[in-house]
Amino acid sequence: MKKPLYTTAAQQDLVGILRHISQDKPEAAVAWVEMIEEKCLLIASQPEMGERRPQLGREVRCNFVGRYVIFHRKHDDTVEILRVITGDRNVTKL
């Protein structure tokens, strides 16, 4: 299975999610990050999945895991994970 490439921002997003949730529920934090990473693996194997978001850049798509949105684009023979943020954030300002 192809592995996704994570941008520095996406890696920081995952660490932030882990830290935020683990303040109250450490086990749930790990579970959420694992679910997001599993979805990223699925996206890497099917780079065309997800809603197109051309206003955010060429080839940018998004997929959801609960309240989190994974922004990605096809990159050579895999997928580049651009950001992982909550759906209530203003994406265009990021």
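Modeller: Happy to! Helices (H or I, at least four residues) and strands (E, at least two) are DSSP runs, numbered from the N terminus. The model is predicted, so local features need pLDDT of at least 70 and side-chain atom pairs count only at pLDDT 80 or more, while totals for chains, interfaces and linings use all residues. Residues are numbered from 1 along each chain as its sequence is written, and side-chain values use heavy atoms, with hydrogens and water left out.

Let's start at Arg53, in the loop that joins β2 (51–52) to β3 (61–65). Arg53 is buried (under 20% relative accessible area; exposed is over 50%, partly exposed in between; 1.4 Å probe, protein chains only), yet it makes no salt bridge (a side-chain nitrogen of Lys or Arg within 4 Å of a carboxyl oxygen of Asp or Glu). Setting aside neighbours within four places in sequence, Arg53 has contacts (heavy atoms within 4.5 Å) with Val60, Arg61, Cys62 and Phe71.

Glu51 also has a place in the strand pairing: it stands opposite Cys62 in β3. β2 and β3 pair (at least two DSSP bridges between the strands) in the antiparallel sense, over two bridges. Four of the five residues of β3 are buried, leaving that strand mostly covered.

The loop between β2 and β3 also holds Glu59. Its phi is near 70°, a positive value in a residue other than glycine. Glu59 counts as partly exposed because its relative accessibility is 45%.

Val65 stands opposite Tyr68 in β4. The hairpin of β3 and β4 has two residues between the strands, and Gly66 takes a positive phi near 60° there.

Further along, Asp76 sits in the loop between β4 and β5 (78–86). Here too a residue other than glycine has a positive phi, near 55°. Asp76 is exposed, at 66% relative accessible area.

Finally, β4 and β5 are among the elements covering the buried residues of α1, together with β1 (5–6) and α2 (26–45). Those buried residues of α1 are Ala10, Asp13, Leu14, Ile17 and Ile21.

Terms used: Lys and Arg count as positive and Asp and Glu as negative; His and the chain ends are not counted.
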